Amino acid sequence: MPKPGTNAAELKAQILQRAERERVKFLRLQFTDILGVIKNVEVPDRQFAEALDGRIMFDGSSIEGFVRIEESDMYLQPDLGTFQVFPWAEAGSAAGGGSVRVGRIICDIANPDGTPFAGCPRSTLKKAIHLAASQGLRMKAGPEAEFFLFQRRDGQPTTETHDGAGYFDLAPVDLGEDVRREIVLTLEQMGIEIEAAHHEVAPGQHEVDFHHDDVLATADNVSTFRFVVKNVALRNHLHATFMPKPIFGVNGSGLHIYQSLYRDGRNAFVDETGSLQLSDTCLHYIGGLLRHAKGFCAVTNPLVNSYKRLVPGFEAPTAIAWSEKNRSPLVRVPAARGDHTRVELRMPDPSCNPYLAFAMMLRAGLDGIEQQIDPGPPVNKNIYKMSHRERRHLRIDDLPGNLSEALDEFEKDPLVRDTLGDHIFEHFLAAKREEWEGYIRHVSGWEIDRYLRVY
């Protein structure tokens with residue numbers, strides 16, 4: 001990573017020197033589309049200097065939700081501090097043979113006139129970060145990302161697990177231990193600090209916990225993490241998936257987000273004299289998350305399949321409430337205090353676009369602070385076991401039950417459009433409405449099994 005205060009010219013020189021020293025032959029200019037899928041334009045070493053100057057153009061009309069064909073020219077503006085070299089070697093060309101080293105740098109998308117492109121998810125997060133900075137606040141986040149490792153058959157992924165392990169189990173029951181260790185080592189070689197990794201509840205399910213860091217770096221890391229996990233799994237003849245609920249009857253995969261705000265270098269969520277030692281800033285931030293959870297649910301849980309995970313009985317939240325003692329509500333405040341005071345949002349899943357998801361969380365929390373939204377008292381009973389009457393008495397609402405309901409709430413919340421901007425808002429909504437329409441027209445195996453012989 002570059003030293004603080006290093007100027008752009010020095011950074012470019014350092015990158016070019018490192019690329020030459022490590023014999024990097026290709027550079028991937030990495031970005032994401034609106035749905036969070038990693039895209040890249042790859043350039044050979046003779047074009048590295050041009051790429052680092054932001055002079056590489058690509059056709060935006062071919063990217064999901066970007067632009068129409070008549071306005072397709074886009075430029076890749078590299079964030080020089082994100083340059084890394086992939087630890088593995090890639091296959092060389094048929095002519096050259098051998099293997100080559102490949103680097104990557106994360107980019108923002110710019111219009112031909114140099115202005116930020118309205119459809120760039122990373123720029124959307126940057127706008128939210130700048131808004132927080134204007135109020136003297138800086139967001140940090142530390143995700144816990146879950147995923148499944150499945151076997152492959154004839155080159156195709158299956159949903160067959162390669163272990164029979166459970167929560168925190170070890171080898172030989174956890175046959176994914178070596179692969180998980182390789183994933184962590186690869187991430188660390190790419191400058192991503194990992195705090196822990198372990199087997200999760202379901203067979204074949206794993207979790208990697210990230211270090212608490214600035215939110216933009218964290219979003220970059222989540223995006224890179226998904227690419228690394230899939231790559232390492234494939235190299236071990238396995239398939240990694242971030243699909244939220246790939247197997248019926250077992251826990252799905254979440255992306256629990258620990259988050260906090262800092263003011264003047266101090267954790268703004270701490271007040272040793274306050275209730276539960278939480279500041280009003282923290283409580284209002286929680287209030288903002290709760291108020292806007294329905295609206296941003298389509299962003300943090302963007303798939304039809306996401307709502308197969310958000311059901312009672314599998315540790316995923318369905319109730320819009322908060323607690324400091326149990327994991328059934330949407331928001332939890334872990335016991336640690338002082339600089340380690342965090343708010344955990346438990347609804348997101350790892351299929352989300354991390355840039356848009358973090359932007360929505362931050363804006364929701366800032367709105368809670370600005371509007372001084374009271375989150376109400378913490379709910380420390382197990383909400384799953386409450387009666388309908390108890391829940392109504394405590395005014396506990398539920399998250400949307402499916403993607404269609406989530407999109408209805410998405411459309412109704414003005415903060416969502418204001419955060420995402422008209423371009424991303426409209427294109428995201430159109431893509432997800434199309435996904436829902438395709439789903440409800442499909443006749444599933446469950447329907448055949450249930451209805452074909454009876455009716």
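The model is predicted, so local features need pLDDT of at least 70 and side-chain atom pairs count only at pLDDT 80 or more, while totals for chains, interfaces and linings use all residues. Residues are numbered from 1 along each chain as its sequence is written, and side-chain values use heavy atoms, with hydrogens and water left out.

Q: Why is Arg122 called buried?
A: Buried means under 20% relative accessible area, exposed means over 50%, and partly exposed is in between (1.4 Å probe, protein chains only). Arg122 comes in at 3%, so Arg122 counts as buried.

Q: What makes Arg122 and Asp220 a polar contact?
A: The term needs a pair of N or O atoms within 3.5 Å; within protein, one must be able to donate a hydrogen and the other to accept it, and residues adjacent in sequence count only if both atoms are side-chain atoms. The side chains of Arg122 and Asp220 are joined at 2.8 Å, a polar contact.

Q: Why is His427 called partly exposed?
A: His427 has 33% relative accessibility, so His427 counts as partly exposed. His427 sits in helix α11 (residues 414–441), and a polar atom of its side chain lies 2.9 Å from the backbone oxygen of His423.

Q: Why is α10 called roughly antiparallel to α11?
A: Axes are lines fitted to C-alpha atoms, for helices over the stretch in contact, and angles run from 0 to 180 degrees between N-to-C directions. Under 35 degrees counts as roughly parallel, over 145 as roughly antiparallel, 65 to 115 as roughly perpendicular, and the rest as oblique. The axes of α10 (residues 403–412) and α11 come within 9 Å and cross at roughly 150°. That makes α10 roughly antiparallel to α11.

Q: What makes α4 oblique to α5?
A: Helix α4 (residues 177–189) and helix α5 (residues 215–235) pack at about 135°, with axes 10 Å apart. That angle makes α4 oblique to α5.

Q: Which residues make the contact of α4 with α5, and of what class are they?
A: Contact means heavy atoms within 4.5 Å. Val179, Glu182, Ile183, Thr186 and Leu187 of α4 meet Phe225, Val228, Val229 and Val232 of α5. By class, that contact has seven nonpolar, one polar and one charged residues. Ala, Val, Leu, Ile, Met, Phe, Trp, Tyr, Cys and Pro count as nonpolar, Asp, Glu, Lys and Arg as charged, and the others, Gly among them, as polar.

Methods. Helices (H or I, at least four residues) and strands (E, at least two) are DSSP runs, numbered from the N terminus.
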